[in-house]
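Hi,

Here is the structure I said I would pass on.

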Amino acid sequence: MSRFIGVLALLFLFHVFDSIESFSGFSDQGSLLVRNISEMPQKNSGRGGLSHITIAGSVLHGMKEVEVWLQTFAPGTRTPIHRHSCEEVFVVLRGMGTVLLGSSSHKYPGQPQEFPIYSNSTFSVPVNEPHQVWNKDEHEDLQMLVVISRPPVKVFIYDDWSMPHTAAKLRFPYYWDLEFLHQQKDEL
Ligand SMILES: *[C@@H]1O[C@H](CO)[C@@H](O)[C@H](O)[C@H]1NC(C)=O
Ligand SMILES: *[C@@H]1O[C@H](CO)[C@@H](O)[C@H](O)[C@H]1NC(C)=O
């Protein structure tokens, strides 16, 4: 099992580094930009208990097809209830939590289904399904590698599970993309 995850992770990293090569400004064939994740900018974007690192991003690095985040949720913290039209794959690196999944086929998300997630598990959120990721543990962080398609992400946020889909509020650019846009302007 862990070997399988290892192989998947390697395949995935090859794909990411392949793409990094093309956006890093090194157009020469055979060059590769290796970056230390510990030194990449971390944001919480106003969400207490969240650490977000855009490992390979659309706004930040010019990625076109996929974007990769490393997110850490402190005990008790959660995402807003939200949906997006991109694909999203999670790999849980450590900790445990719960994913709540509503429905896109009624007027509003409705009573969500609950799915436990745990270290070394992976899951994909169906396109346009309202969902919420929650670290319900009282002691341990929940850390996940997240891959989305079609970046930059456009997020629709719900106040609660009975809010109609049409009333969910669009956040675009999303918080961390907005901060990076500002940051880039500040650097000019
Ligand atoms: C997750 O996988 C790693 C690597 O195989 C292993 O060391 C670790 O014990 C696993 N964690 C859990 C909670 O199973
Ligand atoms: C990566 O960055 C961290 C934090 O600055 C540092 O402690 C570590 O030595 C770096 N790793 C390498 C291989 O340079």
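**Salt bridges and the rest**

K43 has a relative accessible area of 18%, so this lysine counts as buried, the cut-off being under 20%. Before I go on, keep in mind that this is a predicted model.

What does K43 pair with? Its partner is E179, and the closest N and O atoms of this salt bridge are 3.5 Å apart. The two residues come from distant parts of the chain, 136 residues apart: K43 belongs to the loop between α1 (2–23) and β1 (50–56), while E179 is in helix α3 (residues 175–187).

How many salt bridges does the count come to? Two. The K136 and E114 pair is also a salt bridge, with 3.3 Å between the closest N and O atoms. K136 is partly exposed, its relative accessible area being 40%.

For the overall layout, the protein chain has three helices and eleven strands. Starting at the N terminus, the order of elements is α-β-α-β-β-β-β-β-β-β-β-β-β-α. The chain has 188 residues, and 44% of them count as buried.

Which residues surround ligand 2? They are N36, S38 and E39. The N36 side chain has an N or O atom 2.2 Å from an oxygen atom of ligand 2, and for E39 a polar side-chain atom is 2.9 Å from a ligand 2 oxygen. On its own, ligand 2 has 360 Å² of accessible area, of which the protein covers 26%.

An unreviewed UniProt entry lists H82, H84, E88 and H131 under "binding site". These residues are spread over 50 residues of sequence yet cluster in space, with a largest C-alpha distance of 12.4 Å. The lining of the largest cavity includes H82, H84, E88 and H131. Is H84 buried or exposed? It is buried, with a relative accessible area of 4%, and it is found in the loop between β3 (81–83) and β4 (88–94).

The unreviewed UniProt entry also has a "glycosylation site" annotation, which covers N120. This asparagine lies in the loop between β6 and β7 (122–125) and is partly exposed, at a relative accessible area of 45%.

A few backbone details are worth a look. Most residues other than glycine have a negative phi, and most peptide bonds are trans. N120 has a positive phi, near 75°. R150 also has a positive phi, near 50°; R150 is in the loop between β9 and β10 and is exposed, with a relative accessible area of 55%.

Where are the cis peptide bonds? One joins P151 and P152, with omega about -5°, and P152 lies in the loop between β9 and β10 (155–158). Another joins F172 and P173, where omega is also about -5°; P173 has its place in the loop between β11 (169–171) and α3.

Cheers

How values were computed. Residues are numbered from 1 along each chain as its sequence is written. Chains are lettered from A and ligands numbered from 1 in the order in which they are written. This is a predicted model: local features need pLDDT of at least 70, side-chain atom pairs count only at pLDDT 80 or more; totals for chains, interfaces and linings use all residues. Side-chain values use heavy atoms; hydrogens and water are left out. A residue is near a molecule or strand if one of its heavy atoms lies within 4 Å of it. A polar contact is a pair of N or O atoms within 3.5 Å; within protein, one must be able to donate a hydrogen and the other to accept it, and residues adjacent in sequence count only if both atoms are side-chain atoms. Accessible areas come from the Shrake-Rupley method with a 1.4 Å probe; for residues, only the protein chains shown count as cover. A salt bridge is a side-chain nitrogen of Lys or Arg within 4 Å of a carboxyl oxygen of Asp or Glu. Helices (H or I, at least four residues) and strands (E, at least two) are DSSP runs, numbered from the N terminus. Buried means under 20% relative accessible area, exposed over 50%, partly exposed in between (1.4 Å probe, protein chains only). UniProt positions are given in the numbering used here, feature names are shortened, and annotations may be inferred rather than shown by experiment. On a 1 Å grid over the protein atoms alone, a cavity is a set of points where a 1.4 Å probe fits but cannot get out, and a pocket is an open set with protein on both sides within 12 Å along at least five of seven lines; lining residues have an atom within 4 Å of a point.
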